[in-house]
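This briefing is meant to be read beside the sequence and the coordinates. Please keep both at hand while going through the points.

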Amino acid sequence: MKVQHKADIAKNGQAAKSDKPLKTERIKGAEAVVKCLIAEGIKTIYGYPGGAIMPTYDAMYHYQDELQHILARHEQGAIHAAEGHARVTRETAACIATSGPGALNLATGIADAYLDSVPLVCITGQVFSGVLGTDAFQETDVIGCTMSITKWNYQITKPEEIPSVFAKAFYIANTGRPGPVVIDITKDAQNGLLDFHYEKMTNIRTYHPRLKAKKSALEKAAELINKAKKPFILAGHGIQIARAEKVFTAFIEKTGIPIGCTIHGLGTIPNDHKLHTGMLGMHGNYGPNIKTNECDVLIAIGMRFDDRVTGNLEKYAKQATVIHIEIDPSEVNKNVFAHVPIIADAKDALTQLLPMVKKRKHTKWLAEFRAADKIEYEKVIKRDCGPSPEGEIRMGQVMKEVSDQTKGQAIVATDVGQHQMIAARYYKYNTTNSWVSSGGAGTMGYGLPAAFGAKFADPKREVICVCGDGGFQMTIQELGLCAQWNVGVKILLLDNNFLGMVRQWQQLFFDRRYSSVELVNPNFVMIAEGFGVKAKEVSDPKKLKQAIKEMLAHDGPYLLHVRVEKEENVFPMVPSGAGIGDIRLE
C-alpha cells in the first residue's frame, strides 16, 4: 500500500490527543532522533556509523541503557538483521547508516522489505543542507533512489521537523500493509536545536490503511463458499501479519476447505493439519499446484498472486471463481481478476465471514490432494530424503533430520537458492511465525544476518540459518556479529560448490552449459573459527544425525558445514513461462 511521496505528508498528520499541557525541552536534533526511537518502543537498532550520521551516533552514546546499537559488519547486514527482527516480532524494527555508500548499501534490504511487507524505519545521514545537489562528499539522492521501494520517504532539513516526521514514519511503516520507510536527515538538522515534544501518530488525512470489507462482498463470498464443490484456499503471509491464525484455523475447520500456503505463508497452520496440502509455487508441492487449476472457487487470503505462485497467467485457474481477501487495494486485480474482491485486513474479513459460512466437509476433494501427495512422494520425496546411491548427503536428508530433531518448532531463516526451496519443502512448520526468508526480491546474502536479527529478537526460540555456499559468502562477515554477541544461531551451510539454482536452470534449459556457476570455496570451518564461531564439517550421511545433534546442543553460534550432492536438482518445478499444471516431477 503505497503512501504518497510528498512533503505535505509531514504536515497533515494527527497525533494522539492529550489534555496535558504541552511540555518541551530544548535539545539537538540528533538527540531528538534518539528520543523518537525510544518513544516508539525501539530498544535495538542495527547500523553502521559514518560522517553524515555521526551526531546521532554521538547522541546514542548517552542513551545506551535505553537504546542498544548492534554494529553490523556491512550496512546490508544491518538491514537484513533488522528485517529478521521485524519478521519474528511483527513489530517495526529500525536501522541506521550514513550518507552516500552507507545509504545505498541499505537499498537492497529496503527493496527486500518492501516486496515482503516488512515494517522498517531506515534512517540515513545526509550532507549539510546548504550543499545538497552539489555532489558533496558522500552525497547521494537517497529520496530519489528509494522512492520506488518504500511506503514513504522524507528528507529532514530542519531540526523542528524531526518529531512529526518520525511519528508519521512509524505510523506508516506498520499500518495497513507493512513496509519500509526511509528518513534522510541532513547533518545540520542533526546539529540544530529544537523545542522537543513527541506524540505518536494516530491518523494521516491522506492515508487510509485499514479499509472495511463491504458487506455485499462478504455475503457474495459466503454464498460462493457455501455452494462450492471443490473450493481451495491460498494462504499468504498476510494472515500471519494480521495475527489472524486462530480465526483462520476456525474458518477452515468449519468450512472443511483444503489449503495451500505461499512460501511466506508457511507456518500459518501446522504442516500436519488435516487440511494442509503443502506449498504453492514454482518448487511447491504437486497437489496444491495442479488442483489450483481444478478448483471451482479459489479463495486467496493475504497474498498477491506473485508470478512464482501463478506461473503463466494465461493458464492460471481459468475455471475458478476467485475471492481475494487483501489489505492492499493495489494488489487486487493486478495479476489475477477477482470476481469477489474483499479489501480488508485478513483478521477482520475472516472474523466477519466465519458466522456466515456453513459447516461442511469436502472428503472426496481432499482425497484428490492426498492421491497427488502419493505420486509426489514416490517420484520426488522418497529420493530427496533417502540415501544417495553415491553415498553423498542430500539436502532433503539434512532438512528432514533438522525438522525431526527440533520437532518443527524452530525459526528457519534462509538465504536464497536451492537450499531455500528444500528448507521450505522439508522442514515441518508446526508453529506460526517460523519462516524468515527473502521472497519477492530473492536476495542472496539475506540468511545469516536475518537469522541473527531473528535470534536476537527472540532468544528463547531455536533459530536455524540455512545457507548455500554462494549466498553465505555474500555476508559471511556477519559471523562476527554472532560471535561478538554470542547469539546462538545454528548455521547449516549446504555446500555443493555451485550456485545451485542457476546451475539447475543451465542443466535443464541451457543444455548443461555451466557458465560461471562453479565455486572454488574456502575452508569454511577455519573462517568460522577465525571469527570465534564453533564449526564442524560433515560429508558422511552416517554421521549427519550426530553432527546435527551436536550443533543443536551447542551453547552459542555454530556452523555445520555439510557437503551435499553436487548436481542435485530441486523438484517439483514449474518451468519459466509454463502454467502450474505443467509442473515437472523430474
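The model is a predicted one. Helix α3, residues 75–89, packs against helix α18, residues 447–457, and its axis also comes within 8 Å of that of helix α5, residues 107–115. The second largest pocket holds about 460 Å³ of space.

**Helix α3 against α18**

- The axes of α3 and α18 lie 6 Å apart and the two helices pack at an angle of about 45°, which makes α3 oblique to α18.
- In passing α18, helix α3 forms a right-handed crossing.
- On the α3 side the contact is made by Gly77, His80, Ala81, Gly84, His85, Val88 and Thr89, which meet Pro449, Ala450, Phe452, Gly453, Ala454 and Ala457 of α18.
- Sorted by class, the residues of this contact between α3 and α18 are 7 nonpolar and 6 polar, with no charged residue.

**Helix α3 against α5**

- The axes of α3 and α5 cross at roughly 20°, and the two helices are therefore roughly parallel to each other, since angles under 35 degrees count as such.
- The crossing of α3 past α5 is right-handed.
- From α3, the residues Gln76, Ile79, His80 and Glu83 meet Thr108, Gly109, Ile110, Asp112 and Ala113 of α5.
- The contact of α3 with α5 comprises 3 nonpolar, 4 polar and 2 charged residues.
- His80 takes part in the contact with α18, and His80 is also listed among the α3 residues that meet α5.

**Helix α11 against α14**

- Helix α11, residues 245–255, and helix α14, residues 346–353, pack with their axes 9 Å apart at an angle of about 35°, and α11 passes α14 in a left-handed crossing.
- Val247, Phe248 and Phe251 of α11 meet Lys347, Leu350, Thr351 and Leu353 of α14.
- The residues of this contact between α11 and α14 divide into 5 nonpolar, 1 polar and 1 charged.

**The second largest pocket**

- The space in the second largest pocket amounts to about 460 Å³, and of the 22 residues that line this pocket, those closest to its centre are Asn285, Ile381, Arg425, Tyr426 and Lys428.
- Two or more lining residues each are given by β13 (276–279), α15 (363–384), α16 (395–406) and α17 (418–426), and the largest share, 6 residues, comes from α15.
- The lining of the second largest pocket has 9 charged residues alongside 7 nonpolar and 6 polar ones.

**Backbone features**

- Most residues other than glycine have a negative phi, and most peptide bonds are trans.
- Asn333, although not a glycine, has a positive phi of about 70°, and Asn333 lies in the loop between β15 (321–326) and β16 (340–343).
- Phe571 and Pro572 are joined by a cis peptide bond, for which omega is about 0°, and Pro572 is placed in the segment after β22 (558–563).

Notes: Residues numbered from 1 in each chain as written. Predicted model: local features only at pLDDT ≥ 70, side-chain atom pairs only at ≥ 80, totals over all residues. Heavy atoms only, no water. Axes fitted to C-alpha atoms, helices over the stretch in contact; angles between N-to-C directions. Helix = DSSP H or I, 4+ residues; strand = E, 2+ residues; numbered from the N terminus. Parallel < 35°, antiparallel > 145°, perpendicular 65-115°, else oblique. Left-handed = near helix turned anticlockwise from the far one by under 90°. Contact = heavy atoms within 4.5 Å. Nonpolar A, V, L, I, M, F, W, Y, C, P; charged D, E, K, R; others polar. 1 Å grid on protein atoms, 1.4 Å probe; cavity = no way out; pocket = protein on both sides within 12 Å on 5 of 7 lines; lining within 4 Å. Points joined across faces, edges and corners; volume = space filled by probe spheres on them.
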